[in-house]
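This briefing is for a reader new to the structure. Please look at the sequence and the model shown here before reading the points that follow.

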Amino acid sequence: EHQAMFLLFNIFETAIRSKAAIVLSEKYSSCNEDNWLHDASLTPSKMLHILHKAKGIIGEDHEEINTMDTFQIFDYILLGGLKTLYIDFWGDLSHLFEEKTYKGHLLKKLGKKTITIMLEAIRKSRNDNAHHKPFHSSRKRRHEIVADIELILAHLGFNLDDAINNIDPQHKIIKLVY
């Protein structure tokens, strides 16, 4: 169970990171460029705190941020930072969570408050899993976390079913709805 959930959290984190990187780079970079995090005149002020934290980690890895693209920089944003990014850039990302049909299912619109609560619960559960703590009564249960992850990824157009088939092929641990 721990292994399957660890991989699920990894898939989730990678997917939300990649989607935000694409959307925000397209919006804030110069035409046909990926320069919004390297040109101070293009970097929104609400990105500065997250970028500062990422720069610290990049420095600890002895990497050079000036040679990195958005995807590479976003790889250094921790899950809590990604949550902050989705909240702070809600105006740019909210369209991803509008009501839509996905694989024949109607996905309800998710608002900023709902996404904030879901991302925080996922972050806490992911940290518990990473630190080998069992799920406990003050957290959402595993099936609720899986449902939240699946719903968010479905909104982002990410087919979790294909990814899970290689992790939990019998779907004994990760039971999907969509």
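Is the crossing of H1 and H6 left-handed or right-handed? The crossing of these two helices is left-handed. The model is a predicted one.

**Helices H1 and H6**
- The axes of H1 and H6 lie 10 Å apart, and the two helices pack at an angle of about 135°.
- From H1, the contact is made by His2, Met5, Phe6, Phe9, Phe12, Glu13 and Ile16.
- From H6, Leu119, Ile122, Ser125, Arg126 and Asn129 take part.
- Sorted by class, the contact of H1 with H6 has 7 nonpolar, 3 polar and 2 charged residues.

**Helix H4**
- The buried residues of H4 are Leu79, Gly81, Leu82, Lys83, Leu85, Tyr86 and Ile87.
- These buried residues pack against helices H1 (2–28), H2 (48–60), H3 (70–74), H5 (90–93) and H6 (112–130).

**Asparagine 159**
- Asparagine 159 sits in the loop between helix H7 (142–155) and helix H8 (160–164).
- Its relative accessibility is 27%, so asparagine 159 counts as partly exposed.
- Leaving aside residues up to four places away in sequence, asparagine 159 touches Tyr102 and Lys103.
- Alanine 15 is 144 residues from asparagine 159 along the chain, and their C-alpha atoms are separated by 10 Å.

Note on methods:
Residues numbered from 1 in each chain as written. Predicted model: local features only at pLDDT ≥ 70, side-chain atom pairs only at ≥ 80, totals over all residues. Heavy atoms only, no water. Buried < 20%, exposed > 50% of the residue type's maximum accessible area, 1.4 Å probe, protein only. Helix = DSSP H or I, 4+ residues; strand = E, 2+ residues; numbered from the N terminus. Contact = heavy atoms within 4.5 Å. Axes fitted to C-alpha atoms, helices over the stretch in contact; angles between N-to-C directions. Left-handed = near helix turned anticlockwise from the far one by under 90°. Nonpolar A, V, L, I, M, F, W, Y, C, P; charged D, E, K, R; others polar.
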